[in-house]
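Please look through the structure shown here.

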Amino acid sequence: MENMKNVQLYHTLCEKIKEYMKNKQVKIDGIKLGEIPIYFFEYKLRTLEKQNYKVFMSKELGENPKYLDYKEVIEKIKNQAQNAEDLNKYLSRGIKNIQEPDRMLNDWGVMHMHLSNEIENDGCVKRTDDLLFLFRQSNELYFLDIFEHKNAWTRKRTMEILTNNWNIVKPMGFEPDSLMVKPSEEDIKALRDAGINTPFIVGNEAYMSTGGGMTTVGTNIESTFKKNDIMKFMARLEKALGEDNIQNVKMKVNDDGIEIIAGEKIYRI
């Protein structure tokens, strides 16, 4: 365990992150300064950075009768993803209400997009009852299927489509029959609302926390890990530099992430 008395640099970084979040109009009122990095990473998880994505579409999406109704906008989203254009306008407006956890994303890693070409005053597309569910992995987007908003969030079919089409998430490594409890969709909702991670079963495999997993308050476990890593790194850096030199450390927080410049060394997080 690091000696956490060296916290000046971490405090300064938290202030930089807070400024970035406010500029993005992310709702951070009431969050303790030292916890701000958790919600920075939560925000990054909820948004799609501009990059040239590889896009894959499931066979179920193509076979869905609703696909023809939304083909134009889905193709537009696909083209914009491949050409590093802004995709966040299609996402939930809740991405900025950062203290309300996106439990489906943190549990399963599944995002959703609204399927409209009409841009509203706040820059988001018009909300639709039908949603495109997708899974992100690095610079790859996997379009799963179209689901109705009212009953979509714990549908096992979502994960069946993902695992049946692509070998990109790892099973837990034991037979589903060994599980004492095989949660229903209703069970998954109740447990997820309580911040409890639960397995889901597809065929002869059991999977869990393909989105990184939830803490008891619904945030992503990986966001907490990253915050702890940053705090320890900044303490080590502060100790190594000494009090006389830490004033020369420069920090940048932007859409690309966090950059720490200490002399000739650059650290990117």
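## Salt bridges, pockets and loops

Lysine 150 and glutamate 148 form a salt bridge, with their closest N and O atoms 3.9 Å apart. A salt bridge here is a side-chain nitrogen of Lys or Arg within 4 Å of a carboxyl oxygen of Asp or Glu. Side chains of opposite charge can pair when their charged atoms come close. The model is predicted: local features need pLDDT of at least 70 and side-chain atom pairs count only at pLDDT 80 or more, while totals for chains, interfaces and linings use all residues. Residues are numbered from 1 along each chain as its sequence is written, and side-chain values use heavy atoms, with hydrogens and water left out.

Lysine 150 has a relative accessible area of 71% and is exposed. Glutamate 148 has 33% and is partly exposed. Both residues belong to a network of salt bridges that links Lys66, Asp130, Glu148 and Lys150.

How many salt bridges does the rule give? The count comes to 13. One of them joins the side chains of arginine 192 and aspartate 107, at 3.1 Å from N to O. Helices (H or I, at least four residues) and strands (E, at least two) are DSSP runs, numbered from the N terminus. Arginine 192 is buried, at 4% relative accessible area. Aspartate 107 is buried as well, at 0%.

Another salt bridge is formed by aspartate 145 and arginine 157, whose closest N and O atoms are 3.3 Å apart. Aspartate 145 lies in strand 4 (residues 140-148) and arginine 157 in helix 6 (residues 156-165), so the pair ties together parts that are 12 residues apart in sequence. Aspartate 145 is buried, with a relative accessible area of 3%, whereas arginine 157 is partly exposed, with 34%.

The next topic is the pockets. They are found on a 1 Å grid over the protein atoms alone, where a pocket is an open set of points with protein on both sides within 12 Å along at least five of seven lines, and lining residues have an atom within 4 Å of a point. Grid points are joined across faces, edges and corners, and a volume is the space filled by probe spheres set on the points.

The largest pocket has a volume of about 1200 Å³. Its lining is made of 45 residues, and those nearest the centre are Lys44, Thr47, Leu48, Glu49 and Arg136. Which elements supply at least two residues each to the lining of the largest pocket? They are helix 2 (36-46), helix 5, strand 3 (130-137) and helix 8 (221-241). Helix 2 gives the most, with 5 residues. By class, the lining of the largest pocket divides into 15 nonpolar, 15 polar and 15 charged residues. Ala, Val, Leu, Ile, Met, Phe, Trp, Tyr, Cys and Pro count as nonpolar, Asp, Glu, Lys and Arg as charged, and the others, Gly among them, as polar.

The second largest pocket holds about 580 Å³ of space. It is lined by 24 residues, with Pro101, Asp102, Arg103, His112 and Trp153 nearest its centre. Helix 5, strand 2 (110-114) and helix 7 each supply at least two residues of this lining. The classes are 8 nonpolar, 8 polar and 8 charged residues.

The remaining residues are in loops. Isoleucine 246 lies in the loop between helix 8 and strand 7 (250-254). Isoleucine 246 counts as buried, at 5% relative accessibility. Leaving aside neighbours within four places in sequence, isoleucine 246 is in contact (heavy atoms within 4.5 Å) with Gln8, Leu9, Glu238 and Leu241.

Most residues other than glycine have a negative phi. Glutamine 25 is not a glycine, yet has a positive phi of about 60°. This residue is in the loop between helix 1 (8-23) and helix 2, and counts as exposed at 61% relative accessibility. Alanine 84, also not a glycine, has a positive phi of about 60°. Alanine 84 lies in the loop between helix 4 (67-82) and helix 5, and at 26% relative accessibility counts as partly exposed.

Definitions and conventions:
Buried < 20%, exposed > 50% of the residue type's maximum accessible area, 1.4 Å probe, protein only. 1 Å grid on protein atoms, 1.4 Å probe; cavity = no way out; pocket = protein on both sides within 12 Å on 5 of 7 lines; lining within 4 Å.
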